[in-house]
Amino acid sequence: MTEARRSHFWHSDGRRLSGLSTLLLLLPFFAIIAFVFVYPILQLLVISILEPHPTLENYARVVENPVHMRVLMRTLWTATLVTALSVVLGFPVAYYMSRAKGTVAALVAVCVILPLWSSVLVRTAAWSFLFQRNGLINSALMALGLTSQPFKLLYTQSAVVIAMTHVLLPFMILPIYGALRSIPDDYGRAAAVLGATRLRTFLEVILPLSLPGVVSGSLLVFLTALGFFITPALLGSPQEMMISTLVSKQIREVLDWPFAAALVGVLTVFVTLLAIIFSKTLRFDRLMGNAS
Amino acid sequence: MNIASATQSASGASIRISRLEKRFGAVSAVDGVDIDIAAGEFIALLGPSGSGKTTILMSVAGFEFPTSGSIHVDSEDVTYVPSNRRNLGMVFQNYTLFPHMSILDNVAFPLKMRGLRAAERHARAEAALATVRLAGYGHRRPNELSGGQQQRVALARAIVYQPRVLLMDEPLSALDKNLREDMQLEIKRLHAELGITVIFVTHDQSEALTMADRIAVLKDGKIQQIGPARQLYERPTNLFTAGFIGEMNFVGVTVESVGDNVSVTLPWGETWRLPATAAVEPVAAGEAAVLAVRPERLQLGAGSGGQVITVTLSDIVYAGAALLLIGRLPDGTEMRARIPGASQLCALAPGDVASFTVPVEAMLLYRGSRR
């Protein structure tokens with residue numbers, strides 16, 4: 001049992017690869033991770049406490065300036081809102097996908113996955129056309145007589161939330177779909193024959209068993225939303241900056257690397273805390289213990 | 001509720017399946033099935049995969065609605081009633097315990113759906129666990145139990161609300177042989193204790209023969225034969241059942257004459273006179289027929305009270321309680337014999353020619369030909 005669970009690489013003739021060969025196969029991946037992720041992050045954190053001289057001054061500037069704290073809070077709030085909206089909008093789609101068969105299933109899957117094949121920039125640009133003063137949304141509202149003045153949509157926080165939700169929705173739908181698909185049909189049948197209505201079956205059996213998917217989708221969306229750059233930069237208001245824009249400003253305009261690094265440091269601390277809380281409060285292994 | 005209805009609710013319900021038909025596109029999964037099941041009866045639906053046995057069970061459970069026909073439980077027409085209002089117990093092949101709930105909550109689940117308070121439903125779930133000899137396992141998780149224990153929990157969950165019908169969809173096929181035999185006894189014991197009506201789907205004929213009061217043999221969505229184990233085994237009503245239940249030797253013959261006796265010509269030219277009762281199906285002179293006989297009915301050596309055949313042995317297999325002799329008749333047809341208490345037969349070797357006596361009353365004659 002333990003032997004079967006341990007992961008190994010195998011030759012095509014069934015012999016197990018030696019430790020050295022396994023290492024060589026895994027090395028490129030871990031090398032990339034180390035060079036493009038671990039090293040830069042560590043470097044930034046080092047800069048944030050060592051420059052201009054060993055100090056916590058850079059962090060003090062982040063925490064003490066209410067403007068910077070507001071940017072941080074706005075970023076956390078926007079990411080939370082986008083995550084919540086994605087769950088609400090994504091779950092029904094994932095549920096439908098998991099139930100659909102044949103052509104319909106393929107069609108829904110294509111609708112979910114196809115946007116991922118275009119760049120975030122294209123999708124954000126599309127929204128800026130829709131949100132323009134005389135864009136499709138305002139023209140439609142005025143044509144219907146719902147408003148006489150065009151709304152200010154572009155360069156607002158709402159525009160950012162809407163567009164980010166749209167861009168990130170597939171990352172919510174796919175993990176939930178995966179979790180729902182792994183629930184055997186017989187669970188729903190068993191619940192029904194034991195007397196559960198469709199609603200009770202959903203609430204008592206399907207929903208709890210799909211939670212691991214909801215949580216991993218939420219983590220994906222939330223963490224991506226925290227560092228989102230293009231959409232807030234193109235659709236957001238300069239008065240309502242998000243942290244990625246602030247960091248980029250510090251690096252490219254103010255050239256204050258240590259302060260930018262401290263901002264990243266604070267964000268990293270938040271993210272790490274959240275990840276720990278999630279993994280401690282939700283015991284996925286128990287939820288998914290016995291699907292076979 | 002008076003005492004009479006209380007005792008009645010603890011015993012089984014009768015089930016009537018009438019002209020049940022289920023089509024998936026052009027395919028008929030179930031094709032005009034009629035089964036009357038008495039209250040408290042244990043019935044097995046037996047057949048190869050694709051025979052429609054599972055579809056029948058799904059229709060009784062309410063997971064599938066039939067294309068036509070009806071299902072009555074007692075006198076109530078439940079054909080189109082949703083599953084959750086049928087009040088049936090069901091055990092699935094893969095246990096289907098909810099992995100996110102404790103064993104106790106799993107067993108209490110149907111009671112929760114019926115609006116019972118926590119204290120009462122937990123007490124009743126504990127009692128149900130005790131009836132499947134798993135008292136004290138309530139706090140565990142399904143994945144902490146063995147397959148056999150999980151299936152016993154599933155059984156407890158299916159009976160805790162005292163349904164009058166218990167449906168079982170190949171409930172033992174995921175278990176290994178010893179556990180399977182334990183569970184067969186367990187299920188029989190519960191059936192006897194509760195008086196519940198059981199419909200048991202299986203593709204394992206020995207399971208069906210040992211457990212069920214009656215067995216319905218299915219093929220291609222149609223019932224081939226329905227009856228008690230002894231009847232199915234001793235006198236299968238058609239060639240399919242004869243070949244499907246147990247081991248059977250078949251010899252193609254030609255019918256010579258039909259009267260008080262039936263005369264048939266064997267492939268090697270011999271003519272046998274069989275009693276008219278040997279003909280399970282009506283046969284006519286000049287037609288092809290199939291003579292069938294169980295391997296354990298053959299007697300070694302030429303004797304009286306039957307016909308004698310000579311078999312060139314090809315294999316001699318020691319199988320514990322009996323010796324299995326495999327050989328060929330003069331025309332090449334394979335013939336198997338199971339001879340009990342076989343220690344004195346060591347002298348036989350492959351290549352030997354042995355004589356067997358086929359008792360007259362062991363011969364069954366069917367119309368048509370095999371293959």
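Helices, as the term is used here, are DSSP runs of H or I that hold at least four residues. In this predicted model, residues 76-97 of chain A are 100% helix and 0% strand, with the end C-alpha atoms 30 Å apart. The unreviewed UniProt entry places a "transmembrane region" at several stretches of chain A, including residues 76-97 and 201-234. Over residues 201-234 of chain A the chain is 91% helix and 0% strand, and the end C-alpha atoms lie 44 Å apart.

Chain B holds an open sheet of 6 strands with mixed pairing, in the order S6-S7-S8-S3-S9-S10. Strands S6 (89-91) and S10 (222-227) of chain B each have a single partner strand and stand at the edges, so one side of each is left without a neighbour in the sheet. Direction ignored, neighbouring strands of this sheet are turned by 15° against each other on average. Helix H5 (residues 147-159) of chain B packs on the sheet, where it touches S6 and S7 of chain B, and its direction makes about 170° with that of S6(B).

S7(B), helix H6 (residues 177-194) of chain B and S8(B) together make a right-handed β-α-β unit. S8(B) is mostly covered, with 6 of its 6 residues buried. In a regular strand the side chains alternate between the two faces of the sheet. From S8(B), Thr197(B), Ile199(B) and Val201(B) point one way, whereas Val198(B), Phe200(B) and Thr202(B) point the other way.

Methods: Residues are numbered from 1 along each chain as its sequence is written. Chains are lettered from A and ligands numbered from 1 in the order in which they are written. This is a predicted model: local features need pLDDT of at least 70, side-chain atom pairs count only at pLDDT 80 or more; totals for chains, interfaces and linings use all residues. UniProt positions are given in the numbering used here, feature names are shortened, and annotations may be inferred rather than shown by experiment. Helices (H or I, at least four residues) and strands (E, at least two) are DSSP runs, numbered from the N terminus. Two strands pair if DSSP finds at least two bridges between them. Axes are lines fitted to C-alpha atoms, for helices over the stretch in contact, and angles run from 0 to 180 degrees between N-to-C directions. Two residues are in contact if their C-beta atoms, placed from the backbone, lie within 7 Å. A residue is buried if 20 or more other C-beta atoms lie within 10 Å of its own, exposed if 12 or fewer, and partly exposed in between; C-beta atoms are placed from the backbone. A crossover is right-handed if, with the strands pointing away from the viewer, the path from the first strand over the helix to the second runs clockwise.
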